[in-house]
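Here are my notes on the structure, arranged as numbered points. Please read them with the sequence and the model side by side.

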Amino acid sequence: MLALAKPQSAPEISIAQLLETLDVQRGKKLIFQYNGRNVRPSYHVTEVKCGAFKAIDCGANPESWHETFIQLWDIVEQNRQHIPVG
């Protein structure tokens, strides 16, 4: 089982680092966690988005960052298991 959960104190990783991590775990099941619980095994990955953001905060300080969003549909379907990492 490969559980991907990013604790608040964990460093950010790039999409390349994520793909490298997944590549060496190909034989395991991909299990996501949300609000302290595992997402159901019948989930669907509906979108993966990578974005670059530039912003100005309320103190007029410029900020920029990259984020990767993995959107899941956490549904109940019978006879489904977590998808393999590969």
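1. I begin with Arg 40, which is partly exposed because its relative accessible area is 35% (buried means under 20% relative accessible area, exposed over 50% and partly exposed in between, with a 1.4 Å probe and protein chains only). Arg 40 forms a salt bridge with Asp 74, and the closest N and O atoms of the pair are 3.2 Å apart; a salt bridge is a side-chain nitrogen of Lys or Arg within 4 Å of a carboxyl oxygen of Asp or Glu. Asp 74 lies in the segment after β5 and Arg 40 in the loop between β3 (37-38) and β4, so this pair ties together parts that are 34 residues apart in sequence. Helices (H or I, at least four residues) and strands (E, at least two) are DSSP runs, numbered from the N terminus. Asp 74 counts as partly exposed, because its relative accessibility is 22%.

2. On the basis of these points: this is a predicted model, in which local features need pLDDT of at least 70 and side-chain atom pairs count only at pLDDT 80 or more, while totals for chains, interfaces and linings use all residues. Residues are numbered from 1 along each chain as its sequence is written, and side-chain values use heavy atoms, with hydrogens and water left out.

3. On the other salt bridges: a search of the whole structure finds five, and Arg 37, Arg 40 and Asp 74 are linked in a network of them. Arg 26 forms a salt bridge with Asp 23, with 2.8 Å between the closest N and O atoms; Arg 26 counts as partly exposed at 48% relative accessibility, and Asp 23 counts as partly exposed at 44%. Glu 47 forms a salt bridge with Lys 49, where the closest N and O atoms are 3.3 Å apart; Glu 47 is partly exposed, with a relative accessible area of 35%, and Lys 49 counts as partly exposed at 39% relative accessibility.

4. A polar atom of the His 82 side chain lies 3.1 Å from the backbone oxygen of Val 39. Leaving aside neighbours within four places in sequence, His 82 is in contact (heavy atoms within 4.5 Å) with Lys 29, Leu 30, Ile 31, Val 39, Arg 40, Pro 41 and Tyr 43.

5. Glu 77 is also placed in the segment after β5, and is partly exposed with a relative accessible area of 34%. Its side chain makes a polar contact with the side chain of His 44 (3.4 Å); a polar contact is a pair of N or O atoms within 3.5 Å, where, within protein, one must be able to donate a hydrogen and the other to accept it, and residues adjacent in sequence count only if both atoms are side-chain atoms. Glu 77 and Tyr 43 are 34 residues apart in sequence, with 8.3 Å from C-alpha to C-alpha.

6. Finally, Ile 15, Leu 19, Val 45, Val 48 and Ile 70 form a nonpolar surface patch with about 400 Å² of accessible area together, and α1 (15-23) and β4 (44-56) each supply at least two of its residues. Patches are made of residues with over 30% relative accessible area and no salt bridge, like charges being joined within 9 Å and nonpolar side chains (Val, Leu, Ile, Met, Phe, Trp, Tyr) within 5 Å. Accessible areas come from the Shrake-Rupley method with a 1.4 Å probe, and for residues only the protein chains shown count as cover. Leu 19, in helix α1, counts as exposed at 52% relative accessibility.
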